[in-house]
Amino acid sequence: MSRMSLALCITLVLQFWIALASRTDLSARSNTGFVTVSGGRFQLNGSLWRFYGTNAYWLQMSTNDDIDLTFHTIATAGFRVVRAWAFNDVSSKPSSGTYFQILQNGKATINTGADGLQRLDQVVAAAQKYGVKLLLTLTNNWNPERPTPSTSWDRRQVTDNGKFSERGFLSNDYGGIDAYVRNFHPGGTHDLFYTDSTIISAFKNYVAQVVKRYANNPTVLGWELGNDLRCSSTVSASSSCNPQTITKWVFEISNYIKTLDSNHLVTAGDGGFYCLGCKKLYAKQSAQPNAVIFPGPSFDGSYGVDTEDILASPCIDFGSFQLFPDQVTYFPDSVKSFATKAIGDGGKWVGAHSATAKQQGKPEVLTAMELVTKDFWQFFVPFNATAPFPDTIPCRGVEEFQMTYAFTSWSGTSLNGDVDGVLEYPWVQHGLTSHGTTFPNAKRDLTDSPPGGGK
């Protein structure tokens, strides 16, 4: 079988999984109503509901026409859920572009205007128009400092080298945890976000503004407290931060959201890291083997995360985990081929979380999965950086067909098991007039017609 034939075969298999997750009869598919959890599974309008979707963090920065085009394309591809940023923190009022909150001089000022939360209103309205659910993320673990940009992101200006300095180009350029720390406690440690009463009050105030805005809108699937919560980022952690630090914060914020909104589900947004030897606050037992069988930072609490304890927290409705083999070593075993290891480790990681979902009796969602291709490696920016790797770093991306096979394999393992949702990262949208991922990226684009024509 030729490589092209193999790639087409894999793509068709993945399209089958997308259709299955979105209900087999696409013409009869309904995505209205609030999503609930019953018996450890997602329910929509009284029926089992599973989904395949994508990530488009940048939607709020786009024009109305581009937002509409993006959701139309996503819905046409059969994707039922989009994960998007519902935050945009800046240290001073920008000269142009969207921003939701100014964190400056120890104060927090929320922007509800036309260049503020009204942009998020447009995202929600477009998603509702096309029957797409939104998983809205309220903050980010990653926000490395960079020079203040003179302009916001405009995709009409993007060249093959990208515009990495423009505000909002990268997913880690929307503020987040470190923006709060820099504002309220300059020079402080990352984990002050989880423990400092002033920061917690400011974050709750922002959360209340956003959550109450959509509390009665069934377009929102749920609230994600933060992207990839950890004890540290590019800003270091204090010596006292541990998995219970984040678990306690998760309980406080999730409980607070439940007092504001009884309609929507809540997830923590952690990357799914375990702490097999940790004392638990809520989880009664682990679904995983001991740390001798699964050693390494993904299982020993090194990231300050205990995903089992977080999932068992009373106000968390479903679990989250991510899959970025280019940036995280999930299992320490030595395999010469990066592609072979990445694909295999991804399958084992999904399997671990499928077991956790079954043991805890709550759904799990793979909220982001990515595997960088060789063609895209020169544009790849890690989540703790502000620019691509220098040319001196060897390319270790995978071939296009290997990425497609990985997505197919991971999705199949998820949806054949007890993981009820899978989200690719990121969505690649073509034909935009302003913002979006339009620079050369070897990601598979299901919106293109397959060879031979037809959708």
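**Strands, a glycine and some sulfur**

Let's begin with two strands: E9 (residues 133–137) and E10 run parallel and are joined by 4 bridges. Two strands pair, by the rule used here, if DSSP finds at least two bridges between them. The labels come from DSSP runs numbered from the N terminus, with helices (H or I) needing at least four residues and strands (E) at least two. Before going on, keep in mind that this is a predicted model, where local features need pLDDT of at least 70 and side-chain atom pairs count only at pLDDT 80 or more, while totals for chains, interfaces and linings use all residues. Residues are numbered from 1 along each chain as its sequence is written, and side-chain values use heavy atoms, with hydrogens and water left out.

Where do you find the bridge partner of Thr137? Look in E10, at Glu224. Buried means under 20% relative accessible area, exposed means over 50%, and partly exposed is in between (with a 1.4 Å probe and protein chains only).

E10 also pairs with strand E11 (residues 265–267), again in the parallel sense, over 3 bridges. Now trace the path from E10 through helix H7 (residues 243–260) to E11: together they make a right-handed β-α-β unit. Right-handed here means that, with the strands pointing away from the viewer, the path from the first strand over the helix to the second runs clockwise.

Carry on past E11 and you come to Gly269, in the loop between E11 and helix H8 (307–312). Gly269 has a relative accessible area of 0%, so this glycine is buried. What is Gly269 in contact with, leaving aside its neighbours within four places in sequence? The list is Glu224, Gly226, Asn227, Asp228, Leu229, Ser320 and Gln322, where contact means heavy atoms within 4.5 Å. Thr137 turns up again here: the C-alpha atoms of Gly269 and Thr137 are separated by 7.8 Å, although these residues are 132 residues apart along the chain.

Time for some sulfur. A disulfide is a covalent bond between the sulfur atoms of two cysteines. With a cut-off of sulfur atoms within 2.5 Å, a search of the whole structure finds 2 disulfides. One is formed by Cys231 and Cys241, with sulfur atoms 2.0 Å apart. Both cysteines lie in the loop between E10 and H7, so the pair ties together parts that are 10 residues apart in sequence. Cys231 and Cys241 are buried, and the torsion about their S-S bond is about -85°, so this disulfide is left-handed.

Another disulfide joins Cys275 to Cys278, with an S to S distance of 1.5 Å. The torsion about the S-S bond of Cys275 and Cys278 is about 45°, so this one is right-handed. Is Cys275 buried or exposed? Cys275 has 2% relative accessibility, so it counts as buried, while Cys278, at 22%, counts as partly exposed. If you number the bonded cysteines of the chain in sequence order, the pairing reads 1-2, 3-4.

Next, find helix H9 (residues 338–360). At 1.5 Å a residue, its 23 residues should span 33 Å, and the end C-alpha atoms are 32 Å apart, which agrees. That expected span is 1.5 Å times one less than the number of residues. Just after H9, Gly361 takes a positive phi of about 75°.

Finally, the aromatic rings. Rings of Phe, Tyr and Trp (its six-membered ring) pair if their centres lie within 6.5 Å; planes under 30 degrees apart count as stacked, over 60 as edge-to-face and the rest as tilted. By this rule the count comes to 35 aromatic pairs. Why is the pair of Tyr274 and Trp349 given its label? The ring centres of Tyr274 and Trp349 are 5.9 Å apart and the planes are at 90°, so the pair is edge-to-face. Tyr274 lies in the loop between E11 and H8 and Trp349 in helix H9, so the pair ties together parts that are 75 residues apart in sequence. Tyr274 is buried, with a relative accessible area of 0%, and Trp349 counts as buried at 0% relative accessibility.
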